[in-house]
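Colleague: Could you walk me through how to read this model?
Modeller: Gladly; let's look together.

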Amino acid sequence: MSKRKRHWLWNVLIVLTVIFCVLVFVEHYKNWHKIEEGNLKIFSGIYYQKIPLTELDSVLLVEKLPEMERSSGFSWVEREKGIFNDTITNTKVYVFVDDLYQQKIKVVHHDSLKMYLNLKDSLETQKLYAILQRNLLGETEPPE
C-alpha cells in the first residue's frame, strides 16, 4: 500500500489560517487605548474611535449600559463590543466594554455622540476616567 502525501501548500494554508485566527483573537481580546496629540484613540478589532479631547462634553462613570440594539458587533461572556443604536434617542452608540460587571466610562463628545468603555482592569479604568475628567476640566497637570 502506498501512502498519499499531502501537498505542502495545504500545510502552509493551515498554518497561515491558525496565525490569522490568533491575531484576530488578540485584537478583539481587550480594548487598546492611547492618549496622544490631544486625542483619545480606542481600538478593539475592527472597531476604532479617535476623539479629540477638546470635543469632550461629559465624562461619567455608570454601573449599567442602557437598553440598546446591536447594529454590528458581538457579545462574549462579559464583553460587549461594537456599534449599537440607542432605542430612546435612535442614535449611534459605540461600546468598548471588556467587563460588564465593572463600572463603565460614558463619554459624550461632539454634542451628542456617546461611547461606553472600560478596561479589564478596574484600576486602569479609574486611571483613564481621571485623565479624561482632568482634560474635560481643562487641567493639564495631574493633581498632587
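**Fold and salt bridges**

Modeller: The protein has two helices and nine strands, where helices (H or I, at least four residues) and strands (E, at least two) are DSSP runs numbered from the N terminus. This is a predicted model, in which local features need pLDDT of at least 70 and side-chain atom pairs count only at pLDDT 80 or more, while totals for chains, interfaces and linings use all residues. Residues are numbered from 1 along each chain as its sequence is written, and side-chain values use heavy atoms, leaving out hydrogens and water.

Colleague: In what order do the elements run from the N terminus?
Modeller: The order is α-β-β-β-β-β-β-β-β-β-α.

Colleague: How many salt bridges does a search of the whole structure find?
Modeller: A salt bridge is a side-chain nitrogen of Lys or Arg within 4 Å of a carboxyl oxygen of Asp or Glu. The search finds seven.

Colleague: Which residue forms a salt bridge with R70?
Modeller: E80 does, with the closest N and O atoms 3.6 Å apart. R70 lies in strand β5 (residues 68-76) and E80 in strand β6 (residues 79-86), so the pair ties together parts 10 residues apart in sequence.

Colleague: Is E80 buried or exposed?
Modeller: Buried means under 20% relative accessible area, exposed over 50%, and partly exposed in between (1.4 Å probe, protein chains only). E80 counts as buried at 14%, whereas R70 is partly exposed at 42%.

Colleague: Where do E78 and K120 sit?
Modeller: Their side chains meet in a salt bridge (2.6 Å, N to O). E78 is in the loop between β5 and β6, and K120 in the loop between β9 (113-118) and α2 (122-137), 42 residues apart. E78, R79 and K120 are linked in a network of salt bridges.
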